[in-house]
Amino acid sequence: MSTVSELRITLGGGERVVAAGTTAAEALEAVFGKDGRSAVAARVNGVLRDLAHVVHDGDIVEAVEAGSDEGRAILRHSTAHVMAQAVQELFPEAKLGIGPPVENGFYYDFDVEHPFTPDDLKRIEKRMREIVKQGQRFARRVVSDDDARAELASEPYKLELIGLKGGGDAEESVEVGGAELTIYDNLDPKSGELCWKDLCRGPHVPTTRTIPAFKLMRSGGAYWRGSEKNPQLQRIYGTAWESRDRQDEYLKLLEEAEKRDHRKLGAELDLFSFPAEIGSGLAVFHPKGGVVRRVMEDYSRKRHEESGYEFVNTPHITKGQLFETSGHLPWYAEDMFPPFELDGVDYRLKPMNCPMHNLIFKARGRSYRELPLRLFEFGTVYRFEKSGVVHGLTRVRGMTQDDSHIYCTREQMVEELKSLLGFVLDLLRDYGLTEFFLELSTRDDSEKFIGSAEDWAEATAALQAAADESGLDLVADPGGAAFYGPKISVQAKDAIGRTWQLSTIQVDFNQPKRFGLEYQAADGTRQQPVMIHRALFGSIERFFGVLLEHYAGAMPPWLAPVQAIGIPIADDHVPYLDEVAAKLRSHGIRVEVDSSADRMQKKIRNAQRSKVPFMLLAGDEDVAKGAVSFRYRNGEQKNGVPVDEAVAEIVKAVEERVQV
């Protein structure tokens, strides 16, 4: 029996007896010793709590380690508080916005008179290190709405957040989530005096000394609560980790990612650009980029044709009423370009292809014998992405989707999804991506979803079956589905371990119903087909950017814009290399001969900078022997290779899609 002086709690997989008044930190240390001290927070009865939280009889207490996803989020949010304290000490006029943890880091928004400079960030980081060294204690207080308003009377943005208490916004929840308001005080470890305070839900690490590694990264403008109608604040981004070694690994990854930035490579390799005269998020592909794009598309078309897809084409604009019929307009109007009037009718640039594919299905009567019907289009769509999120080729306003819509019977749905997911993964592997996991996005209890619960359950079960057969890890994403149905997203890891969302597969019972799509079943009745949406690349532009970063610009030979280049030792050797190039072109190889006035060594450097897979060098001895010196872009070289052997090796590398 528990007494006033002792409590029975569940800890470490079994029941433990601890003294009354014990905190989560003391309970963990009592059971796990020094290992218990490594926790940065606790999960008590499934709820994240500070280590100072007092446990009660029957509580289930679990340690939250700094290196876990939850632990890192707490560590980063605590670091954001330290940064905000440093900013207000150095810039007393600064008003506080919000400061949530984000992937790999944190940020905090401030209303200040002038944007932060790089020197400002250095001063802020220096002061942060002093605060961390002091070991200030994070202390939680529950306050009433009125008390919070009185304490934070000089913080207009915090006052606005108080009115949003209990709201569901992911970022605002770190401030005012839950049923009660709390303020966290940063207390001097010796005197207990207040050093700083902030409105916050928590939890936080016990003291600032629990923050072992952090770095401020950059600053920039950000609209308050993400709306262009609100004031623009200054946002400082930082990163924080459970150890210096882990942070060093991350910073090295960032350094490598910067080298691989597709925007930088696109300019260096003369692949694409974003002319200001055209507009933000609208790319033009240069001849070399056009080659890569054409090869990507041609191979995809070939694979789709082999798998029974039928190719269609649809226009770029349509009457706006089409998106009323499909149900998209109420949900996606803000992401569409504004309507324009023609002959008294509102038209829109299309943001997706599926409504037009529905009209193709509906153009004539359909029989069950035609199903599954697989329609495929490289369809260009337009979405009005906010200027703050437009990013190179990976977030654009005009994109070409490799869009497919499959119409099948309910009986065919499960097998079609299994086959479709296998096709998607095989094709992505052909482009050189090999590590995947899946994300299953389902509905939640919000009102943004349409359709019956029964249809959703059937569609979700079918996607689950396809995911299970793939053998890949599956991550749940409750509430992340499209408004009309659940989806599977294929997440791919690139060469340096970053994850990119690529293909999506969505099941839709609702659009066929809204468009009145039917087919004649074997028994003569009219039935509604199931519609499966599928974008394999996501978009050509985004996939181009992903591959460019994955390969660091050194595309495999089959995708390289120039697959081979002839480099003469002297001008006299140009005609010989022209003949070699002609042989390569007869096999479909994209080849050039560098006949410029540059010296041979510079020509080699230029070819390496252009990331050409194969260089064929020729001098007097090579001409006499009918050979070339065969040089690879990694610097390796074979001398005296007969021309026919060199041609055969290049052709084989291209045909087999190898990486060199």
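I call a residue buried under 20% relative accessible area, exposed over 50% and partly exposed in between, with a 1.4 Å probe and protein chains only. The model is predicted, so to speak of local features I need pLDDT of at least 70, and side-chain atom pairs count only at pLDDT 80 or more, while totals for chains, interfaces and linings use all residues. Residues are numbered from 1 along each chain as its sequence is written, and side-chain values use heavy atoms, without hydrogens and water.

**Entry: the chain**

I looked up the overall figures. The C-alpha trace of the protein chain spans about 95 × 75 × 55 Å along its principal axes. Buried residues make up 49% of its 660 residues. I find 20 helices and 33 strands; helices (H or I, at least four residues) and strands (E, at least two) are DSSP runs, numbered from the N terminus. The accessible surface comes to about 30,500 Å², and 48% of that belongs to carbon and sulfur atoms. Such areas come from the Shrake-Rupley method with a 1.4 Å probe; for residues, only the protein chains shown count as cover. For contacts I take heavy atoms within 4.5 Å. Among contacts between residues at least 6 apart in sequence, 68% join residues at least 24 apart.

**Entry: Glu6**

I went to strand E1 (residues 6–11), where Glu6 sits. Glu6 counts as partly exposed because its relative accessibility is 25%.

**Entry: cores**

A nonpolar core here is a set of buried Ala, Val, Leu, Ile, Met, Phe, Trp, Tyr and Cys residues joined through side-chain atoms within 4.5 Å. The largest one has 81 residues, and Leu417, Tyr431, Phe543, Leu547 and Leu584 have the most contacts inside it. Helix H13 (residues 410–430) gives the largest share of this core, 9 residues. A second, separate core holds 35 residues, among them Ala84, Val112, Phe214 and Ala240.

I then checked Tyr431. Beyond its neighbours within four places in sequence, its contacts include Met296, Tyr299, Phe537, Phe543 and Trp558.

**Entry: strand E28**

How many residues of E28 are buried? In this strand (residues 530–535), 6 of 6 are. Val530, Ile532 and Arg534 point one way; Met531, His533 and Ala535 point the other way. In a regular strand, side chains alternate between the two faces of the sheet.

Next I checked its partners. Two strands pair if DSSP finds at least two bridges between them. E21 (residues 398–408) pairs with E28 in the antiparallel sense over 6 bridges, and Cys408 stands opposite Val530. E25 (residues 499–508) is also antiparallel to E28, with 5 bridges. There, Val507 has Ile532 as its bridge partner.

**Entry: helix H12**

Which residues of H12 (residues 354–362) are buried? I list Cys354, Pro355, Met356, His357, Asn358 and Phe361. The buried residues of H12 pack against several elements, including strand E20 (373–382), helix H15 (510–515), E21 and E28.

**Entry: Ala653**

Ala653 lies in helix H20 (residues 643–655). With a relative accessible area of 8%, Ala653 is buried. Not counting residues up to four places away in sequence, Ala653 touches Pro557, Phe614 and Val658. Ala653 and Gly588 are 13 Å apart, C-alpha to C-alpha, and 65 residues apart in sequence.

**Entry: Leu342**

Last, I looked up Leu342 in strand E18 (residues 340–342). Leu342 counts as partly exposed because its relative accessibility is 37%.
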